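Good morning, and thank you for making time for this presentation. Please have the sequence and the structure open while I speak.

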Amino acid sequence: MKRTLVILLRNPLSLIGVILVALVVLSAIFADFIAPFPEHRGSVVDFVNFNKAPNATNIMGTDLVGRDLFSRIIYAFRISLVLGVVVLAIATPIGTLVGLFAGYVGGKTEFILMRLTDVFLSIPPLVLAIAMMGVLEPTLMNAMLAVTAMWWPWYARLVYNIARSEREEGYVLAAEVIGASTPHIALREILPNCLPAILTKMTLDMGFVIIIASSLSFLGLGVQPPTPDLGSMVAEGARYLPDSWWLTVFPGLAILIAVFGFNLVGDALREILGADQ
Amino acid sequence: MTPVLRLLARRLGISLIVLVGVSMLIFGIARVIPGDPARIALGPNATAEQVDALRESLHLNEAIPVQYGYFVKDLLRGDLGTSLYTNRPVTQDIAQFLPATLELVLFAGILMVGIGLPLGIWSARYRGRWPDHVIRLVSLLGVSAPSFVWAVILMLLFAFFLPIFPIAGRISDIYEIERVTGFLLIDTLLAGNLAAFRDAFWHIVLPAFALAVSGIGQAARLTRANMVETYDKPYIEMAQAYGFRARRIARKYAFKPSLIPSLTIIGLDFAAMLGNAFLVEAVFAWPGLSRYGVAVILRKDLNAIIGTVLIISATFLIVNLIVDLLIAFLNPRIRYSQRGSS
Amino acid sequence: MAIWNTSLAAGLLAATALVSPALAGGTLRLDEVAVGELDPAKASDYADSILMFNVYDTLVLPAQGAAGHVPHLAESWTSDGNTFTFTLRDGAAFQSGNPVTADDVVYSLDRTKALGAGLSYLFGVVESAEAVDARTVRFTLSSPYAPFVASLTRLPIVDKALVEASKAADDTWGEAFLSGNGAGSGAYVVTAHNPQEETVMEKNGSYFLDIAEAAPDQVRLRYGLEAATVRTLIAQGEHDISSQWLPPEVMKALADDGAQLFTEGGTGAFYLKMNTTKPPLDDVNCRLALSEAFDYDTSIRMIAITDEVSGGSPATGAIPKGMFGANDASMALMQDLDAAKAHLDACAYDPAEMDIEISWIAEVPLEERFALLFQSNLTALGVKSHIVKMPWALFAEQVSKPENTPHISQLFVNAVTGDPDTLLYGMYHSSTPGTWQSPEYLNDAKVDEYLEAGRMAATEEERGEAYAMLNARLMEIAPTIYAYDRQSVFAASSRVTAPALTDPAQAFGLDGMGFTFRLMEVAD
């Protein structure tokens, strides 16, 4: 663990990644102290200072009802991160369990579970989430649900591939010989061997979840106003291009920075842990 | 039966099972939509009797499995029902909008392969030197933003700020092109109208590039990773020891084995692009299936939602099938003995 | 930022040279946000109206710059109690070449009533129509209905023979045919109709009236363009008239670039409608509190485009200025937080437990700002609220049940015939609850009484009196927050001339009729 950290911080690229992630995470946590206008995360209106280009008071300008864009972006990081963490925290265990049992048990279980996974995987990722959000009320909760529904199969697939190759390994056969139960072998013997791959994928996926979630809200199927959300800010601002460019450019760059940070760290982790898919 | 044919049969079978699964999943999702589709279809001023009559004719009063039965029966006759939004058969809507999306996605796919692979190869060749660093950084940036952010940024830079490209649509109004394939780049050529072809080409560049950016990044990253791995193989070191030229080594010995894993990912990226087309079409007012899809979802147009998702999934499955076959042809191990991964 | 803007302007100029292949000659290009419904019996919104008014003709037209109606397909009419007899103009023909006959008028009415969609509710009181002879048609009403002639501006005459010949056997009213083809006598012929992209129309060479040479030869009505797209296309000279739904900032940016601003108004308003069946809004004091808390001044500032042109003017009451029974312009509504608090204290519900649901229509981004404005007004009053975005189709469905109808629905409503009856009856009469324009679910005996008096009254004075009483009663029971009297604004390139949208003396006073293409001119 410590060694990993040292390597992370020594490579300039991954160091940048760590810094970006830290920036995003810290500003999300301490938004109340960092945002110049914390109350602007809600439905404040100021029709004197609306639609202002970046200036000394509002370094990223103000939106169409006069709220400080910088403050709202900082609070939007909070939503993105919460969403990412929750989705991965739900999708990973589900996918892992499905993949583990399909891969280890084999036979009919494998066929049914993996065909089910294939069904989910053969709807292009965003399309499934869009279809689900079309059904559900657009709330943060449901957006998490929809993204989770499209996410778990990837973990199922990943763990399945590892578990299937591990099932012929000596240590598994040994455990079978001494009569260990199926759940014991799957969870205690095979799972630990999948962990590095899972962890790396989670770091890399943090960025992708942010991308997908912002895509949903870009289409108006995600978090609703006045809650600040990067995707809906870009969508809203895109109507006012090119005159009010700050409305789209800054939230767009914010997504880029956050995801880029997570990707840099995830890349580095993958190299260090040597977990290739 | 040859192994390749057996593989094809097996993949086709699985694809069919998956497609049935997808249809059930989407059908289930579409039927639990809150709100009465009949009421929505008839509009705000319809009477209760009219709503009831429409519910009856759409079988909306039956149990969901029964409704699914009707759906499958119609589907087998090539009938996906009528879109409540456009008042036309869904198949007709899809036939109209799908080519625009396919054209966009295929064009983006060409960009992805045409730019992503060379970047990856180049990066691997100069491993550890500055071209490698630059390419890796740029391709990582590419995958780090959703396509709508790229779309908006590209639009701002190259349609608004430096107005090189048009900002919306597939072709300028002044051209009336007879529709043969629905692919404007092909139809304009068939019509022999070079000016229209240029115009259509000019329209597709920006949206396709926005759609391809993350695919390009992904393809470059993967190709690089795979080639670096093969570069470490003994036969390459041998070739280097024999003094073969670097370019020849790259092309002949490192590239081909690296192509196989890249192809798999390209198939997946193609799927991602079918989804991301939803975002890019929205920004560039591209009259495609994705834009239609969003419109019908917002309007709870059941038949159209099911039809759209089914068609997109089927397209995706077909692409994956093609990719699998390509891999089978390229990879002797799969070609001859096949205990393929499913 | 000055640098950005200058280079942008330069860029937009350069774009014309680089991007546009050639300037379209005699073509008028405009856009609408919604999908265009070509079937005249199903037409209801603005895009549909534009199609209806150009592809089809009606028996009468609203007089330009004045009250009342003038002959169009009809050359004259008489009324006797509940019967109206129209004599058709001699020599008018459909685009197919078929003559326009009384039979076609009867068919058009029957079809509209049978399909029951669009604006068919306007003809609920029409018991029957019969063709007396080829050029005479007689309507019989079931009860007195003062705005009957006005409602005929919404009865497009369909070419019966053509529909009968073209429709499929199992399609009684030719719905499939008419949703994709025109069958009218109008000045413009539909040459291509694609409901998601555009409708293309061309000048009808054999129209029964003279059409100016400079009127557009071809019209392209495009659907669903993004605001940013329209903004740039107009700046690049590739688009002529924007929809009215372009946000004010974008209109302003275009006006600053030299675009003209067209206006059409006086027949409608912007409303925040309160669900009077849902606690706490079933208490009149609560509704009054919300009405007093609304910031009317700021809302006027929000819709201002330039110093001269605005998306509306201050409301003075429940009836837009200029209609029967409207209050004087000096009586503009104002925010009064003290009065609001007093009403809130008198309300039976505890303000601490309220959570007002403010909806806005996803297709109209401006409404999101009003939702935020009202939310902040409510916060000032100490009332909690939340905002819900609804696509139009879903909204129209949700309001069909009072329990699904949000507390606050934001709506732009226009009198579809220009008569106050069509604005107010559908909104407030207890017999018409739960349509998209009546999410109030109002049930008030006095309101019903005044509404009925207004539509049955024989003279203009009596109608005026009835609507003045109605206005007072509505302000007393506050079913709705009357945010502002609306004026539709359109940004247009300088090559278009549209007197009906710029000169009050030539305005029709009927929403959408300003877009009568034969009266417009485009410079090459």
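What percentage of the 277 residues of chain A count as buried? The figure is 58%, where a residue is buried if 20 or more other C-beta atoms lie within 10 Å of its own, exposed if 12 or fewer, and partly exposed in between, with C-beta atoms placed from the backbone.

A word on the conventions. This is a predicted model, in which local features need pLDDT of at least 70 and side-chain atom pairs count only at pLDDT 80 or more, while totals for chains, interfaces and linings use all residues. Residues are numbered from 1 along each chain as its sequence is written, chains are lettered from A and ligands numbered from 1 in the order in which they are written.

I continue with chain A. It has 11 helices and 0 strands; helices (H or I, at least four residues) and strands (E, at least two) are DSSP runs, numbered from the N terminus. The C-alpha atoms of chain A fill a box of roughly 75 × 45 × 30 Å along the principal axes. Of the contacts in chain A with a separation of 6 or more, 69% are between residues 24 or more positions apart, a contact being two residues whose C-beta atoms, placed from the backbone, lie within 7 Å. UniProt, in an unreviewed entry, places the feature "domain: ABC transmembrane type-1" at residues 77–266 of chain A; such annotations may be inferred rather than shown by experiment, and the feature names are shortened. Over that range the chain is 83% helix and 0% strand, with the end C-alpha atoms 19 Å apart.

Next, the contact of chain A with chain B. It takes 35 residues from chain A and 40 residues from chain B. On the side of chain A that touches chain B, the elements that give two or more residues are α5, α6, α9, α10 and α11 of chain A. The largest share, 9 residues, comes from α11(A). By class, this side divides into 24 nonpolar, 8 polar and 3 charged residues. Here Ala, Val, Leu, Ile, Met, Phe, Trp, Tyr, Cys and Pro count as nonpolar, Asp, Glu, Lys and Arg as charged, and the others, Gly among them, as polar.

Chain C has 17 helices and 18 strands. Its radius of gyration, taken over C-alpha atoms, is 24 Å, which agrees with the value near 24 Å for a compact globule of 524 residues, the globule rule being 2.2 Å times the number of residues to the power 0.38. Of the residues of chain C, 57% count as buried.

Strands β8 and β9 of chain C pair in the antiparallel sense over 6 bridges, pairing requiring at least two bridges found by DSSP. A hairpin of 3 residues joins β8(C) to β9(C), and C:A192 stands opposite C:V200.

Finally, the contact between chains C and A takes 23 residues from chain C and 19 residues from chain A. On the chain C side, α12(C) gives the largest share, 6 residues. That side has 14 nonpolar, 3 polar and 6 charged residues.
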